[in-house]
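Let's walk through this one together, starting with a sheet and then moving on to a helix. Have the sequence and the 3D view open side by side.

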Amino acid sequence: MKKIFSLVLVLALTLALGIPALAADAEETTPQIDLTASAEKVKAGETVTLTLSLTGELKDINSFEYYIHYDPTVVELTESKTGAASDLTKIGTPPAANYEKSDKLAAVTVSAVKLADTGVFSMKEGTVAELTFTVKDDAETGASAGFALRKLAVSDKTFEETAVPVLTGSAPVVTVGSAVLLGDVNDDGEIDNLDANLVYRYFNGKVTLTDDQLAAADVNGDGEVDNLDANTIYRYFNGKITAFPAA
């Protein structure tokens, strides 16, 4: 009898301790919208793809709208497609009256709406939309694409701002990279001892370099082209390092 009582007591304690853990596991996390980029630095003429994604699920909503801002003097939208999060998703250009549009500020709207009298819908976890931007040919090196993510609405039939909890992440920082290949000072498509030697000769006053060559030679990003850069290129060529500090 004592053994049976002990087993019952152990079982009861186990269940009692397990209930809070099970309850915690059952709690739902707040859904989150994030915007990520395929690259942080993109050269003029190249593209970068932004992915708007949902973590978690948005249940029983009737409106979803986000603006993605960008600098039209640096990048332009060249391709867009909706994801699997919802078959109601649409991508468009918002009216200029809806935001402070300017020569350096434009926007794309990603939205999904279902009229109040036709019910509600849900958005599942995954990609909401993908937007591909091309860096303009005349974009200056170091210029920011100006990406920003702004929530306009995620609401249910009540249209109350707090009715549907959702978190919004920050936008990625994307800048225009140099058109030159770091380390390839002689512009032959290779980074080798010839490039390092050329930098040494420049440092010793034996040769002059063009602006593009100087940009390719400053591999440590300190604004100077000297023996340190030459040494760094040698180390890269010999496999001592796999990337340049300025990359």
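Two strands count as paired here if DSSP finds at least two bridges between them, and strands (E, at least two residues) and helices (H or I, at least four) are DSSP runs numbered from the N terminus. This is a predicted model, where local features need pLDDT of at least 70, side-chain atom pairs count only at pLDDT 80 or more, and totals for chains, interfaces and linings use all residues. Residues are numbered from 1 along each chain as its sequence is written, and side-chain values use heavy atoms, leaving out hydrogens and water.

On to the sheet. Four strands make it up, an open arrangement with antiparallel pairing that runs β7-β8-β5-β11. At its edges sit β7 (90-92) and β11 (148-155), each of which pairs on one side only. Zoom in on β7 and you'll find three bridges joining it to the antiparallel strand β8 (residues 106-113). Ile91, for instance, has Val110 in β8 as its bridge partner.

Now for helix α2, which spans residues 193-203. At its start, a side-chain oxygen of Asp192 comes to within 3.1 Å of the backbone nitrogen of Leu194. Within α2, Asp195, Ala196, Leu198 and Val199 are buried, meaning under 20% relative accessible area (1.4 Å probe, protein chains only). Look down the axis of α2 and these buried residues fall within an arc of 160°, so they line one face of the helix; the arc is taken from the directions from the helix axis to the C-beta atoms. The buried residues of α2 pack against α3 (211-217) and α4 (227-237), with contact meaning heavy atoms within 4.5 Å. After α2 comes Gly205, with a positive phi near 75°.

Note on methods:
Buried < 20%, exposed > 50% of the residue type's maximum accessible area, 1.4 Å probe, protein only. Polar contact = N/O pair within 3.5 Å; in protein donor to acceptor, adjacent residues only side chain to side chain.
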